[in-house]
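Welcome, and thanks for taking a look at this one with me.

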Amino acid sequence: MIAKSSITGRAMPLFLDDVDTDALYPARFYTLPGGFDQALFADWRCHADATPKPGFPTNDPRYDKANILIAGRNFGCGSSRENAVWALQDAGFEAIIAAGFGEIFAGNAATCGLACLTAPLDEIAALALCPDITAGTASLHIDIATGTLMTDGRPALVLSMEETARRAILDGDMPLDRAIRRAETSRRKIDAYLGGQAWAPKDILAVSGDHS
Amino acid sequence: MPEARTFLDKVWDNHEVERLDNGQSLLFIDRLLLHELSTPRAFEELRKRGLKVANPDLVIGFSDHIVSTDPGRATGNVPGGPEMLEMFRRNARDFGIRHFDVDDDHQGIVHVVAPELGLILPGMTVVCGDSHTCTMGGVSAMGWGIGTSEIAQVLATQTLAIRKPRTMRVELTGTLPKGGSAKDIVLGLIAEFGVSAGVGHMIEFTGEALAGMTVEARMTLCNMAIEMGARIGMTAPDEATFDYIAKRPLAPSPDVLETLRRACEDVATDPGATWDKTLTFDVSRLRPQITWGTTPGEAMAICGTIPAAADARALDYMQLDAGASLLGTPVNRVFIGSCTNGRLSDLREAAAILQGRKVAATVRALVVPGSMSVKRAAEAEGLDLIFKEAGFEWRDSGCSMCPGLNVDKAGAGERIVSTTNRNFENRQGTGARTHLASPASAAAAAITGVITDPGALAGAGT
């Protein structure tokens, strides 16, 4: 993960509530080995015969260069599939600004370095409906440390961000490395926990291995 | 005096190895459950770094999502499916993980099999790369869904760093009228409070309605906590919990059970403890529920009418009108199964309606038991004959039509009454229109070929 102190670029508005992870990444694409952006919004983006639906923002040439997605409430609700985050990142998105997030999605985004920023719905609505945002011409700058969003000719907007996620993006953290370091420091406590359990995991493994 | 704590706080605290500088808790994870879809990259990550699984005896694998459900199936039936199943098989073998594979006697949906075998016990922490891990709350375990990167962390350390959610009590008051089920309660609840009411919280369900509920029904209830936005939904252990646990094939020995029972007394909510938020929901006049829209919160009484202010996009997708009744709306398919409603009690509920009746000629109806054990138990009491004689397809176990991953899908424009948990656009097939409901309501629709109040069919068979 690359450390970032800011994200600069263009926005794509998709001002809908409850954009679920089935919409972001339809389950039938689970077998893809990579190039997850081909699955992104597949059923919203394309007709059944795979021809593009012209009205959908990802098919709109005005948003070709967009790297910041603006959405409504509860973005990323539903399934835990991290593929939804990978698909957004493979399609070039670095940040999502929404009025709220599904928690598992937000957790996955934090691990992968996709910034999830929130603001009250009315502030997001005002932003999403700005003529230069809808025209795809607005230039946006997000300062990660403060959450400040600067856009041309508008007052700065301070966006909220979960602190662990903010830290991870600023540090370019590798969560697995961090987890392993942490477990090493806590090894004694973890072993003590394991030793103190009422149930014996080994017994369960032995029985579950023999179920004839 | 120590601070009064809730059951949720105590289970959390029991697993907190450290409170980290960033405010997160480092939690010990008692069970990591795996399935074939969300794991390949996690194992890849371990291989790349030459890591081992820290505690393979606390990790259990289940092939369920992409498996074929055709009777006697050997593997998957969509392109890439057999390869995913083979990769999972190889990963489980290489890392020494017990794996309930497609041909295993106990194969089935992870959230059905793990509790039914006795692998999940009250007070445990359980994670899985699947959002419906909250189902474990029905046996009083704290379960939640995680992503692939987090799976890698738990594989490598058996711990997970996570910020403690706020606590929420959902008190279910009153007694559910006859003919109602846990599915009706949870659909009614989400319709009342909305799909993001639980975000940032872990839910404990309490109240009079819960006391009379079987453990299987509690699993149905907790299963859909995530549809309200809460990653975790739990019920505190009681006699029903311990009766259930004692009967599991892998139940702990009586000594261990006794220790566990005492440990559960210790995690009971202290007098004077408070939750960060409390919601109250009266079930005493609740009618069978069904969704009309494209989120689980867009639900109503099956005999009611679609709200006048209903979301236009959802209505357009579902091809329905605001203010209209759903009764009499023709359906093409009926699906009974999933981690929400694929247990023996669910099959019994549907069979009671189907007995001596036939599925309408215009409907294709499918029943997919939640596990092969559920399938055998249902066959032992003749439920399979009721389903087959009625005209249902009687399948092997798997997730089937719920996530739409194998060939069990509906076509564009087809309307389904489904006992599953998500009615999102395109989930059960591109262009498919899903109505979530209870097994009884699904069975009633199968017979009449239209959306039907199961109460209106009472009499025969029940």
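Predicted model: local features only at pLDDT ≥ 70, side-chain atom pairs only at ≥ 80, totals over all residues.

Chain B has 16 helices and 19 strands, and buried residues make up 65% of its 462 residues.

**Overall build of chain B**

- Along the principal axes, the C-alpha atoms of chain B fill a box of roughly 60 × 50 × 45 Å.
- Of the contacts in chain B between residues at least 6 apart in sequence, 74% join residues at least 24 apart.
- Chain B has an accessible surface of about 14800 Å², and carbon and sulfur atoms account for 50% of that surface.

**The five-stranded sheet of chain B**

- Five strands of chain B make an open sheet with parallel pairing, in the order β5-β4-β3-β6-β7.
- At the edges are β5 (98–100) and β7 (142–145) of chain B, each of which pairs on one side only.
- From one strand to the next, the twist averages 20°.
- Strands β3 (residues 31–35) and β6 (residues 125–128) of chain B run parallel and are joined by three bridges; L32(B) has V127(B) in β6(B) as its bridge partner.
- Helix α3 (residues 81–95) of chain B packs on this sheet, where it touches β3, β4 (59–62) and β5 of chain B. The direction of α3 makes about 155° with that of β5(B).
- Helix α4 (residues 110–117) of chain B packs on the sheet too, touching β3, β4, β5 and β6 of chain B, and its direction makes about 130° with that of β4(B).

**The four-stranded sheet of chain B**

- Another open sheet has four strands in the order β11-β10-β9-β12 (chain B), with parallel pairing.
- Strands β11 (232–235) and β12 (277–282) of chain B stand at the edges with a single partner strand each, so one side of each has no neighbour in the sheet.
- On average, neighbouring strands of this sheet are turned by 25° against each other, direction ignored.
- Six bridges link β9 (residues 166–173) of chain B to β12(B) in the parallel sense, and V170(B) has L279(B) in β12(B) as its bridge partner.
- Helix α1 (residues 7–15) of chain B packs on the sheet and touches β9, β10 (201–206) and β11 of chain B. The direction of α1 makes about 130° with that of β10(B).

**A hairpin in chain B**

- Strands β1 (residues 16–19) and β2 (residues 25–28) of chain B pair in the antiparallel sense over three bridges.
- In β2(B), S25(B) is the bridge partner of R19(B).
- Five residues lie between the two strands of this hairpin, and G23(B) in the turn has a positive phi of about 90°.

- H435(B) is found in strand β19 (residues 433–436) of chain B, and with a relative accessible area of 0% it is buried, because the cut-off is under 20%.
- The side chain of H435(B) makes a polar contact with the side chain of R415(B) at 2.9 Å, and one of its polar atoms lies 2.7 Å from the backbone oxygen of T291(B).
- Beyond its neighbours within four places in sequence, H435(B) is in contact with residues including W292(B), M318(B), L320(B), L326(B), V417(B) and I451(B).
- E389(B) lies in helix α15 (residues 383–390) of chain B; its relative accessibility is 54%, so it counts as exposed, the cut-off being over 50%.
- Leaving aside neighbours within four places in sequence, E389(B) is in contact with R357(B) and K358(B).
- E389(B) and A209(B) are 180 residues apart in sequence, and their C-alpha atoms are 35 Å apart in space.

**A helix in chain A**

- Helix α7 (residues 163–171) of chain A has T164(A), A165(A), R166(A), A168(A) and I169(A) as its buried residues.
- These buried residues pack against α4 (103–112), β4 (115–118) and α8 (175–185) of chain A.
- G172(A), with a positive phi near 60°, follows α7(A).

Note on methods. Residues numbered from 1 in each chain as written. Chains lettered and ligands numbered in written order. Heavy atoms only, no water. Buried < 20%, exposed > 50% of the residue type's maximum accessible area, 1.4 Å probe, protein only. Polar contact = N/O pair within 3.5 Å; in protein donor to acceptor, adjacent residues only side chain to side chain. Contact = heavy atoms within 4.5 Å. Pairing = 2+ DSSP bridges. Axes fitted to C-alpha atoms, helices over the stretch in contact; angles between N-to-C directions. Areas by Shrake-Rupley, 256 points an atom, 1.4 Å probe, with all protein chains shown as cover.
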